[in-house]
Amino acid sequence: MSATGGMAAMGWWAELGDRAAGAAVLARIGAGLAACRLRPGPRFADRLAALPTTGLPLSRPVRVWWDAHAIPFIDAETDSDAAFALGLVHAHLRLTQIEVFRRVATGRTAEMLGPAAVELDHGLRLLDFGRAVPAVLERMPAATRAWLDCFAAGLGHYAAHGRPLPPDLAWLGIRPEPWSAADVLTVGRLAGADVNWMVLFNLVRLRRRPDWPALWHAVTAEAGAVFPPLAGTDPLSVAATRLTRSGSNALAVAAHRSASGAALMAADPHLSLMLPGLWLAGAVRSPSFHMAGLMLPGLPFVAIGRNRRIAWSGTALQAASSELFDAHALPAIARRQSVAVRGRRRRREVVLRDTALGPLISDAAPLAGCPPLALAWVGHRPADELSAWLDIARAGDWTEFAAAAAGLAVPGQTLVYADGDGHVGKLAAAHLPRRPPTPPADAVLPPEAAAAWDDLATAAELPRLFDPPGGIVVSANEQPRRSAVRVGLFFAAHHRRLRLERLARRRGRLGLEDLAGFQQDVGSDAAPGLRDWLLARLPPDGAAAAALAGWDGQYGEASLGAAAFEAILARLHRFAHGEFGESAYWASWDPERLLHRRLAASDARDLAAAIAEAGREAGKALKPWGELHRLRLAHFTAALPLCGRLGRFTDLPSGGGNETVMKTAHGLADGRHAVRFGANARFLADLSDPDRNSVVLLGGQDGWPGSACFLDQLPLWRAGASVPLPLRPETAAAAAVHLSLLRP
């Protein structure tokens, strides 16, 4: 849940495109964005005044201590009261965001965006995120169900009684509704969306090409390897693994490598960048739980954090939890559903077709023209991830942690662990079909291959590592070691993982300040080899060559070398966008691998001329990297057409790049461009002390546009600072600037 496969809901939003909303809707949203930018938002005290505090369905009073950044510590005498208060706090801070998640998860975006979003709703309803929810609820343990029901009640109570409600609800035409346990679990399954869909759905549209077998082999060639080959003497192999569409880092340090004598944990998840962000920070204490860390808005658990005994974090495993099957011969059952449309009295009807292997996803508009395809997804099967996350929060050692992780089905995670006895480890957590470890022959499988789905493997059978001799455990979306079943097909290169390991091993005993520094690292170990290869072929008297010659691979804001390097690569992309053409090239998860193949096969003279021309063009009006590479934080509605600048709250220089530890991902970068994806939260913990934890969000905690805590953590983020997140209630109380006493 902590990385790309985490709260993917806003990724859906960002893909809506120019047809997603009518002029009247856009005008309403644009006017709201402009008003929020022009007028100061509510003060912290005014925001807290909107929180209902009396007449609540509680059995005992609950104390909520708030720090100056609106980060809460919830202290409750019963678990049910803690869960209700947690839901109330989530809704207070992020009601609009959570309501949007619900509408995306249930295929109700046309209620916000109008007729042009009906196609999107059709696709979302085919994906059917809530398909398994009734079965999950039926099997859920009583304690988990009680926690879930109370959390949902807290969300609903705020929607009904919190006043005033955030202004962006009105822009989007949202009327808050009661919340149920099923609603929360459906949002949870949306958060578990398969990160591979964007690749599979893009690639499958290319299957009619005569070169399809070669293309499929090219994009999956290394999936069966124990590890993808890393560049050594071949600088083009370095280029082949630079631009990956994945993120998140997690690092655990064993006690014998720690300055405090206890294990350490650091995590920085990478997701789409927007306001409000996709994380909430907070702490909860009740009879069964004592946890602090990062949560996804609308979901009642800590995804990255700690209790008194252990700390946990994770990165996207890139697990292949989906497969596409040829559905030509499969009987299909049709269902009809009506879609409410903003601005229209008449509802629209959509047809959803299902097979025994899954929905006919080829009926969705993006796959129009494809042959009948059935989508099998682990998320359509009952699995109780909430109980698993709550068990992780209660775990006291590796054995309990690993047992809890076996309950995590989607999204696949590489979970990183540290404990109070100084141990560290990591494991792959997912439910996966029992497929052979080698890649399949095609992106679309025959129906008989579905036999692998008859029984799913769990974390107990997937790769894990405990207490390595070096005392350092790192995860950065890389391919795990070989297992008996295929984990996935598309993984990040190993550069971020290796760089984190090298940074950690260069020093003796490590402290939290070291780990915080690693999270800000903007150096690329992949770049110098390719830099030297380019320099050997560039005219030596150009500005780009001069910038590259003095460049050390650091993507700092002031770096001319980084700007020249990226500009040259962008032009080489245009010289050779892959042996299979541009559409195939960008359909791949890791398009640089295809670039490598094309450059290696290019005529030497043509390649030399292309590099020389790229260098000349890159050297014209060369600017520092930060002048080109921009951190533009905007309200999520700014992704809609015509709303972009109105919703933008920052336009700042940024360091980092696609394969730096501080990931600030971008596309081709031969001009001014925005960071699209990357680090957006940080968590640090030292197990020597329950209070030695800190967090920082890229933006702020509050979702009310322009409020005092909407963007207040940005200066801390840029300075590498963070906010204390204590576990002891007395510490939280001493640091609090406000106490909300919630009363029955």
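**Entry 1. Ground rules**

The model is predicted, so I note that local features need pLDDT of at least 70, side-chain atom pairs count only at pLDDT 80 or more, and totals for chains, interfaces and linings use all residues. Residues are numbered from 1 along each chain as its sequence is written, and side-chain values use heavy atoms, with hydrogens and water left out. Helices (H or I, at least four residues) and strands (E, at least two) are DSSP runs, numbered from the N terminus.

**Entry 2. The six-stranded sheet**

I looked up the strand order first. The sheet is open and has six strands, in the order β21-β3-β4-β27-β28-β29, with antiparallel pairing. Two strands pair if DSSP finds at least two bridges between them. At the edges I found β21 (472-475) and β29 (723-724), each of which pairs on one side only.

Inside the sheet I checked β4 (residues 264-268) against β27 (residues 681-686): the two run antiparallel and are joined by four bridges. M265 has A685 of β27 as its bridge partner.

I then looked for a helix on this sheet. Helix α16 (residues 495-505) lies across β3 (249-253) and β21, at about 155 degrees to β21. Axes are lines fitted to C-alpha atoms, for helices over the stretch in contact, and angles run from 0 to 180 degrees between N-to-C directions.

**Entry 3. The three-stranded sheet**

This open sheet has the order β14-β10-β18 and mixed pairing. Because β14 (373-377) and β18 (444-445) each have a single partner strand, one side of each is left without a neighbour in the sheet. Strand β10 (residues 322-326) pairs with β14 in the antiparallel sense over five bridges. I noted one of the partners: L324 is bridged to L375 in β14. Helix α11 (residues 197-204) lies across β10, β14 and β18 and runs at about 25 degrees to β10.

How many residues of β16 are buried? I found six of six buried in this strand (residues 424-429). Buried means under 20% relative accessible area, exposed over 50%, and partly exposed in between (1.4 Å probe, protein chains only).

In a regular strand the side chains alternate between the two faces of the sheet. In β16 both faces are covered, with V424, K426 and A428 on one side and G425, L427 and A429 on the other.

I followed the pairing of β16 next. Strand β15 (residues 413-419) pairs with β16 in the antiparallel sense over six bridges, and L415 has L427 as its partner. The hairpin of β15 and β16 has four residues between the strands, and G422 in this hairpin takes a positive phi near 95 degrees. β16 is also joined to β20 by three bridges, and the two run antiparallel. Here the partner of L427 in β20 is R464.

**Entry 4. F466**

F466 sits in β20 (residues 464-466). I found F466 partly exposed, with a relative accessible area of 34%. Leaving out residues up to four places away in sequence, F466 touches W398, Y417, H423, V424 and G425; contact means heavy atoms within 4.5 Å. W398 is 68 residues from F466 along the chain, with the C-alpha atoms separated by 8.6 Å.

**Entry 5. Helix pairs**

Helix α18 (residues 527-535) packs on helix α20 (residues 560-575) at about 70 degrees, with the axes 11 Å apart. That makes α18 roughly perpendicular to α20; angles under 35 degrees count as roughly parallel, over 145 as roughly antiparallel, 65 to 115 as roughly perpendicular and the rest as oblique. A527, L530, R531 and L534 of α18 meet F565, I568, L569 and L572 of α20. By class I get seven nonpolar, no polar and one charged residues in this contact. Ala, Val, Leu, Ile, Met, Phe, Trp, Tyr, Cys and Pro count as nonpolar, Asp, Glu, Lys and Arg as charged, and the others, Gly among them, as polar.

I also looked up α4 (residues 79-105) and α8 (residues 142-161), which pack at about 45 degrees with their axes 6 Å apart. These two helices are therefore oblique to each other. Their contact has 15 nonpolar, six polar and one charged residues.

**Entry 6. Helix α10**

I checked burial in α10 (residues 181-191) last, and ten of its eleven residues are buried. Among them are D183 and R189.
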